[in-house]
Amino acid sequence: MDRASLYNEAYDARRRVPSAELGESAVRDSKRMLLWVQEARDRFLAARDWRGLRVLECGGGVGGVSLQLAELGAQCTVVDVSSTALQLARELARARGLTLKTIEMDLGRPPAEELPLFDIIIDSHLLHCLPLDPERTSFLQLVKDQLAPGGILVGETMAFRKKLFLPDGVRLDEEKILWQKIGD
């Protein structure tokens, strides 16, 4: 099963959740990341107001961070491999009276379309999902190519600890990459 199918399957269960509840969950689950993005903007782009800032949320799923930044006036684009997640993101944005641009793309491959430059690029827990080359290199090249002069990359990812307790169904390989089987 390819990556898009795996993520579509995972997001299919969220279709049955009422829109208001899904929106609350997306906002709640992205609060830490939102604070991290706001702190980075305040520190590195303090002279810039949220209004008009161009934001790219990579691996954004249902767009929890982008929904909140759009409410502040940012122009947000959510990129994800899951068409299902992006459909949910558009529905949540409409329910809040917001506009989110969405792009279905596997960020582990070179983009098929030309993208504009962005003032803030957010790695929404994506990099650790691309553990091997050339996927990781492709994503980092996209960041380099799409980051506007003076722009910033803000990311949050899983980190390795000296003492790691692995739940059932999860393994750490010889390259220190954490793997979990999803579905069949």
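**Ser124 and its surroundings in a predicted model**

Leaving aside neighbours within four places in sequence, Ser124 is in contact with Met33, Glu57, Cys58, Gly59, Gly60 and Val65. The model described here is predicted. Ser124 is found in strand β4. Its relative accessibility is 11%. Buried means under 20%, so Ser124 counts as buried. The side chain of Ser124 also makes a polar contact, with the side chain of Glu57, at 2.9 Å.

Strand β4 belongs to a sheet. Strands of a sheet pair through backbone hydrogen bonds, either parallel or antiparallel. Here, five strands form an open sheet, and the pairing is parallel. The strand order is β3-β2-β1-β4-β5. Strands β3 (101–104) and β5 (147–156) are the edge strands. Each of these edge strands pairs on one side only. From one strand to the next, the twist averages 20 degrees.

The pairing of β4 with β5 can be followed in detail. Strand β4 covers residues 118–124. Six bridges join β4 to β5, and the two strands run parallel. Within this pairing, Ile120 stands opposite Ile152 in β5. Helix α3 (residues 31–44) packs on the sheet and touches β4 and β5. The direction of α3 makes about 145 degrees with that of β5. Helix α5 also packs on the sheet, touching β2 (75–80) and β3. The direction of α5 makes about 175 degrees with that of β3.

Helix α5 also packs against other helices. Two packed helices are described by the angle between their axes and the distance between the axes. Helix α1 (residues 3–12) and helix α5 (residues 83–95) pack at an angle of about 45 degrees. Their axes are 7 Å apart. Helices α1 and α5 are therefore oblique to each other. On the α1 side, the contact is made by Asn8, Tyr11 and Asp12. On the α5 side, Ser83, Thr84, Ala85 and Leu88 take part. By class, this contact of α1 with α5 has three nonpolar, three polar and one charged residues.

Ser19, Leu22, Gly23 and Ala26 in α2 meet Leu88, Leu92 and Ala95 in α5. The contact of α2 with α5 has five nonpolar, two polar and no charged residues.

Arg96 is found in the loop between α5 and β3. At 32% relative accessibility, Arg96 counts as partly exposed. Not counting residues up to four places away in sequence, Arg96 touches Gly23, Val27, Leu67 and Glu71. Arg96 and Leu67 are 29 residues apart along the chain. Their C-alpha atoms are separated by 8.4 Å.

Gly52 lies in another loop, between α3 and β1 (54–58). Gly52 is partly exposed too, at 31% relative accessibility. Beyond its neighbours within four places in sequence, Gly52 is in contact with Gly73, Gln75 and Asp119. Gly52 and Leu72 are 20 residues apart in sequence. In space, they are 9.6 Å apart, C-alpha to C-alpha.

His125 has a positive phi of about 60 degrees although it is not a glycine. Its relative accessible area is 33%, so His125 is partly exposed. Pro134 has its place in the loop between β4 and α6 as well. A cis peptide bond joins Asp133 and Pro134, with omega at about 10 degrees.

Note on methods: Residues numbered from 1 in each chain as written. Predicted model: local features only at pLDDT ≥ 70, side-chain atom pairs only at ≥ 80, totals over all residues. Heavy atoms only, no water. Axes fitted to C-alpha atoms, helices over the stretch in contact; angles between N-to-C directions. Helix = DSSP H or I, 4+ residues; strand = E, 2+ residues; numbered from the N terminus. Parallel < 35°, antiparallel > 145°, perpendicular 65-115°, else oblique. Contact = heavy atoms within 4.5 Å. Nonpolar A, V, L, I, M, F, W, Y, C, P; charged D, E, K, R; others polar. Pairing = 2+ DSSP bridges. Buried < 20%, exposed > 50% of the residue type's maximum accessible area, 1.4 Å probe, protein only. Polar contact = N/O pair within 3.5 Å; in protein donor to acceptor, adjacent residues only side chain to side chain.
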